[in-house]
Amino acid sequence: MNQTAVYYCIIYGVIIISAAIIGYLMMYVFKQSNGTKDMQAISNAIKEGATAFLKRQYKTIASIAVIALVVICVASYFGRTADNASSADAISFAIHTGIAFITGAFCSALSGFLGMFMSVNSNIRSADGAKHGLNRALQIAFKGGAVTGLAVTTLSLLGVTTLFVIYGGGFNGTGVKDAPSLIVGFGFGASLVALFAQLGGGIYTKAADVGADLVGKVEAGIPEDDPRNPAVIADLVGDNVGDCAGRGADLFESTAAENIGAMIIGVGLYPVFGIAGILFPLVARALGILASIIGIFTVKVKDEKADPMKSLSKGFYITAAIMAVIFFFNVKLMLGGTSGTVNWIALYGCAIIGILLSIVFVFTTDYYTSYSKRPVLKMAKSCRTGPATNIITGVSMGMESVALPVLFICLAIFGSYQLGTLALSGVAGITDPGIFGTAIATMGMLSTCAYVLAMDTFGPITDNAGGIIEMSGAPDEIRNTTDKLDACGNTTKALTKGYAVGSAALATVLLFSAYIDEVKKILKVDPSSVFPVDIGKPSVFIACLIGAGVVLLFCSTAINAVGNAAEYVIEDVRNQFKEKPGIMQGKDKPDYARCVDIVTRGALKQMVVPGLIVVVIPLLVGILLGKEAAAGYIMVVTIVGVIMALFLNNSGGAWDNAKKYLELGNYGGKGSEAHKAGVVGDTVGDPFKDTAGPSLHVLIKLTSTIMLVFIVLFMH
């Protein structure tokens with residue numbers, strides 16, 4: 001058996017193992033009790049609302065995807081013919097790109113559906129498990145999340161690998177060097193669906209949350225998840241369609257885009273590593289799934305007083321440690337070079353840098369969003385003097401929170417680039433060897449992706465479980481158990497957003513390099529030559545300025561969309577209280593379905609404009625200003641997007657936990673003036689951390705994939 005066959009055996013072997021583990025975890029979750037009839041009624045309402053939203057959302061996305069498919073095929077055909085390719089070659093290229101786009105879009109949508117499906121079926125079982133103790137509820141919720149984590153990463157690996165094989169990268173394929181460029185459409189399809197899934201889900205979840213909080217908590221003075229609130233089911237539905245479906249599609253797109261970008265870079269190093277350099281990202285992803293499986297099965301707590309976050313963190317560190325060991329052998333065996341002139345130890349150091357960066361993001365995000373740390377405590381204290389000082393403090397802390405992550409991203413890029421240069425310094429004919437080191441660092445950071453996504457999906461499951469317990473009137477001791485898991489879930493969601501920003505920054509470095517490689521390939525110049533991007537040129541400077549403005553315009557439209565959709569919810573909740581005065585006394589039942597339908601229609605209507613901004617403007621920049629300007633646009637969108645995403649995610653998360661700190665009884669507790677100020681701050685932060693911030697992760701990578709797919713239109 002040759003080495004190429006061994007690599008494919010590893011990849012497909014892990015896919016089979018992962019599928020088996022997914023089956024086992026699903027059996028474990030579904031065999032658990034699904035609670036009382038009251039709990040089932042609430043869970044079914046959440047399930048119906050989430051399913052209805054996703055069906056309507058996917059119909060909207062499908063219509064946009066069909067238009068995008070036609071544009072891609074036409075642009076690919078005419079772009080190739082303009083490059084003096086034969087008509088047959090141009091048609092073949094267009095068909096290959098179109099099939100890759102459809103496959104990526106379908107798999108991304110399927111990832112979102114899987115995330116939602118497991119969440120709505122795990123929440124009630126975790127709620128019922130809380131009756132039997134903290135560990136039972138933790139096991140059900142986390143294993144439900146693990147199904148999503150493993151399914152999304154495995155589906156991404158399966159899609160990219162299979163397309164690569166079909167397009168000429170098989171055991172004896174003659175199109176090994178061309179196949180990675182042909183599957184760029186897969187990344188674009190995944191990114192397009194991820195953007196609208198994250199954006200639409202984020203608008204839905206925060207419109208419902210804001211409406212439920214402002215009318216329920218502030219105006220009516222009733223607790224969170226109180227069954228008297230007409231928006232409470234819509235709020236719980238939002239956790240599933242935003243944090244599960246949206247994030248599932250988001251991280252599917254992250255792993256797919258990173259794999260494709262690294263494979264394209266591997267093509268440029270084919271004389272050094274052979275096919276091993278192209279397949280290395282796929283093998284590394286497969287081994288990361290194995291490590292995550294081991295980490296998932298280490299999560300448990302021994303008693304009711306234990307902190308579940310410590311157990312989840314332990315599982316993450318075990319996964320990272322296993323990958324640190326695996327990478328040593330993986331790099332040594334695959335990246336030693338065909339002539340033995342490569343310093344593979346330096347490349348292994350790049351992988352370690354990526355793993356360390358993921359750990360650093362966990363620490364920094366926890367510091368700025370945890371209610372046991374200085375930033376959140378300071379924000380909670382500021383609530384004593386009203387909403388204005390809370391918002392001022394939160395904005396200040398959000399800005400401060402950008403500095404450390406940006407510094408560590410810079411250090412990771414610099415360190416991995418220098419090690420990559422050192423590793424390939426003995427190899428002649430390579431202009432930019434350091435970029436491969438950055439590619440390996442990105443693989444290192446995303447090697448724990450399956451475990452991180454499991455932690456992320458765990459959050460909405462526990463949030464829903466707490467809501468089901470509250471609405472079904474369960475005893476306080478059970479609610480205390482779900483509250484502990486819910487608080488832990490809020491932390492894991494915040495950590496995942498930080499992780500996604502860091503991985504997006506590194507992945508875009510790869511995609512930018514892949515874009516430059518494709519430009520040189522189309523220009524038919526020496527691959528070792530330099531393609532300069534001169535920001536002093538007016539066209540490039542204009543593109544950079546437009547890129548910065550687009551990020552802020554996108555954030556504005558996304559946040560405004562939440563406000564517009566929330567108005568629909570607020571008006572409906574107020575109307576229901578007027579129409580049925582008996583709701584507050586428990587004599588009348590709110591019309592939950594009406595509110596769910598209103599927020600669904602509002603969210604789908606509001607998601608279109610910000611989504612189109614992201615897709616249309618980069619195309620216009622590239623077509624009108626050219627290939628060099630498009631490169632400048634990618635750079636600035638990445639820089640401004642990363643900074644804004646960090647600010648929005650961390651400030652929003654900090655406002656949320658400042659409110660939770662007040663609800664624990666501090667500074668007067670629930671119902672106090674400080675608490676009302678905390679609710680206002682949390683409301684401002686909601687669209688920051690759950691709509692605009694997470695959507696920016698996708699925007700950053702989508703911009704690069706759009707430029708890669710439509711590059712033939714910019715060659716003037």
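Okay, let's start with holes: the count here comes to 3 cavities of 30 Å³ or more. By cavity I mean, on a 1 Å grid over the protein atoms alone, a set of points where a 1.4 Å probe fits but cannot get out. Before I go on, this is a predicted model, where local features need pLDDT of at least 70 and side-chain atom pairs count only at pLDDT 80 or more, while totals for chains, interfaces and linings use all residues. Residues are numbered from 1 along each chain as its sequence is written, and side-chain values use heavy atoms, with hydrogens and water left out.

So, the largest cavity. Its volume is about 110 Å³, volume being the space filled by probe spheres set on the points. What lines the largest cavity? You'll find R80, F93, T97, S181, L182, V184, G185, E518, L708, V709, I711 and V712 there, lining residues being those with an atom within 4 Å of a point. Helix 3 (87–129), helix 5 (179–182), helix 6 (184–220) and helix 21 (673–709) each give two or more residues to that lining. Helices here are DSSP runs of H or I, at least four residues, numbered from the N terminus. By class, the lining has 7 nonpolar, 3 polar and 2 charged residues; Ala, Val, Leu, Ile, Met, Phe, Trp, Tyr, Cys and Pro count as nonpolar, Asp, Glu, Lys and Arg as charged, and the others, Gly among them, as polar.

Now helix packing. The axes of helix 2 (residues 37–82) and helix 7 (residues 232–268) come within 9 Å and cross at roughly 50°. Axes are lines fitted to C-alpha atoms over the stretch in contact, and angles run from 0 to 180 degrees between N-to-C directions. That makes helix 2 oblique to helix 7; under 35 degrees counts as roughly parallel, over 145 as roughly antiparallel, 65 to 115 as roughly perpendicular, and the rest as oblique. On the helix 2 side, I42, A45, I46, G49, A50, F53 and L54 make the contact, facing I233, L236, V237, N240, V241 and A245 of helix 7. Contact means heavy atoms within 4.5 Å. That contact has 11 nonpolar, 2 polar and no charged residues.

Next pair: helix 18 (residues 592–606) and helix 19 (residues 608–625) pack at about 25°, axes 5 Å apart. Helix 18 and helix 19 are therefore roughly parallel. L604, K605 and Q606 of helix 18 meet V608, V609 and P610 of helix 19.

How values were computed
1 Å grid on protein atoms, 1.4 Å probe; cavity = no way out; pocket = protein on both sides within 12 Å on 5 of 7 lines; lining within 4 Å.
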